[in-house]
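This report covers selected local features of one protein chain.

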Amino acid sequence: MKKNILMLIAVFMILASCKQQGPEWKDLFNGKNLDGWVKLNGTAEYRVEDDMIVGVSEMNTPNTFLATTETYGDFILEFDFKVDDGLNSGVQFRSLSLPEYNNGRVHGYQFEIDPSDRSWTGGVYDEARRGWIYPMNYNPEGENAFKKGEWNSARIEAIGNSIRTWVNGVECANLLDNTTTEGFIALQVHSINNEELAGKTVSWRNIRILTDNLEQYKTPVNSNVKQLNQIANTISELEASEGWELLWDGKTTNGWRGAKLDEFPEKGWVIEDGILKVLKGDGGESTNGGDIVTTKPYKNFMLKVDFRITEGANSGIKYFVDTNLNKGEGSAIGCEFQILDDRNHPDAKLGINGNRTLGSLYDLIAAPEDKPFRSGFFNTAMVVVQGNHVEHWLNGVKIVEFERNTEEWNALVQTSKYKDWPNFGNAEEGLLLLQDHGDEVWFQNIKIKVLE
């Protein structure tokens, strides 16, 4: 008898131990009513039906959010969702509604729900702030995870600065970002401007959150999913393993000099709080501190530069720069990723067909008008050079692509302001440059990956 009792005690202890080892999920929705939730910003309807929350689209209302009354910092969130075709939606996390920010406008990270042909469900959008920070064109496999017209499962892991998402078990986004560390979770019914979309629904069920022992239950890193690191002036472990390195350390002028100097300029540029600023001058090319260039040339590479434009500002990121070409007034010569306030700087209306606007290959190839620019925030420019093939990217979207060292390229150059510079843009390698065009522009997170 005593032996049997001891065996039963042992079994109970094992069962209790197993229970303790399992994740302690908390349901955010009780399946009956909306206790613990509050509606913000808009007037779209949320109702409870058959253990699910149903949001109903409505004309003449801004985006509407059903937010948790509690806030969450680090967590793993899971939920199921289903959306009618044509209706955009999302789930906010680490989000805020503050009187001092646009009169309480909900802002923060959003898990995108996108049934359109764009297929960006699972991407990360920064609502009412920066816009897209992890568009799904970074991860084509993740673009195919969403199932139209069906229930889909979602998972969000927000642990420290790491934000990762899944749709139906397929990893979609892998983001490092430290903009907001805590906030509420909210279900979005997007505004509509088409009567045909009125009354369409988006539904959620099985909404649960885990806030303890997250390191134990987080998903192992998948190196096949591209990681975007938005934390300024840092290289993540994954980036380092892929060959990325900082081109500017965020603190000193190491690795840079004036384009027409042996040293870094003594005026016109300052380093403040991890930001490299070219200061306001008279609006002319290189008339204040002058351009700055890397101290060594690059051939094949991926270059990323985060930049922020002040109102009416003009600047640029140049590559294949030869500082010996122009010893006189003006900027050093090279191909240029144009940085410009298109709305307020007159240069946007010059050139040919918009080829002097933001993101364009300056005076040669125009970037599209609908490019994803974040006004008032940092934007990420990327230049990719592989042999004669060159690409310009802005905030994860490719906006310019061309081949140099061709008859077509040389003919294009002859129609531009560079026609008098011999063999323009065809050099095998060159320096990288940040331009002083007499306006204040901020730079940070400057990094490079050298390609074979």
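Two strands are said to pair if DSSP finds at least two bridges between them. The model discussed here is predicted.

**Strand pairing**

Strand β23, residues 314-322, pairs with β24 in the antiparallel sense, and the pairing runs over seven bridges. Within this pair, Asp-322 stands opposite Ile-333 of β24. Strand β24 spans residues 333-340 and is mostly covered, with eight of its eight residues buried.

Lys-304 belongs to strand β22, which covers residues 301-309. This lysine is buried yet has no salt bridge. The nearest side chain of opposite charge is that of Glu-239, 5.1 Å away, whereas a salt bridge requires a side-chain nitrogen of Lys or Arg within 4 Å of a carboxyl oxygen. Not counting residues up to four places away in sequence, Lys-304 touches Lys-226, Leu-228, Trp-244, Ala-381, Met-382, Asn-445, Ile-446 and Lys-447.

The model holds two cavities of 30 Å³ or more. The largest cavity has a volume of about 150 Å³. Its lining comprises 16 residues, and the closest to its centre are Tyr-138, Leu-228, Gln-230, Lys-304 and Thr-380. The elements giving two or more residues to this lining are β10 (131-134), β16 (227-229), β22 and β29 (441-450).

**Single residues**

Asn-206 sits in strand β15, residues 201-210, while Asn-233 is found in the loop between β16 and α4 (237-242). Asn-233 counts as buried because its relative accessibility is 15%, under the 20% limit. Asn-206 is partly exposed.

Glu-150 lies in the loop between α2 (140-143) and β11 (152-159) and is also partly exposed. Leaving aside neighbours within four places in sequence, Glu-150 is in contact with Phe-81 and Lys-82. The C-alpha atoms of Glu-150 and Tyr-418 are separated by 55 Å, and the two residues are 268 residues apart along the chain.

| Residue | Relative accessible area | Class |
|---|---|---|
| Glu-150 | 42% | partly exposed |
| Asn-206 | 49% | partly exposed |
| Asn-233 | 15% | buried |

Terms used
Residues numbered from 1 in each chain as written. Predicted model: local features only at pLDDT ≥ 70, side-chain atom pairs only at ≥ 80, totals over all residues. Heavy atoms only, no water. Helix = DSSP H or I, 4+ residues; strand = E, 2+ residues; numbered from the N terminus. Buried < 20%, exposed > 50% of the residue type's maximum accessible area, 1.4 Å probe, protein only. Contact = heavy atoms within 4.5 Å. Lys, Arg positive; Asp, Glu negative; His and termini not counted. 1 Å grid on protein atoms, 1.4 Å probe; cavity = no way out; pocket = protein on both sides within 12 Å on 5 of 7 lines; lining within 4 Å. Points joined across faces, edges and corners; volume = space filled by probe spheres on them.
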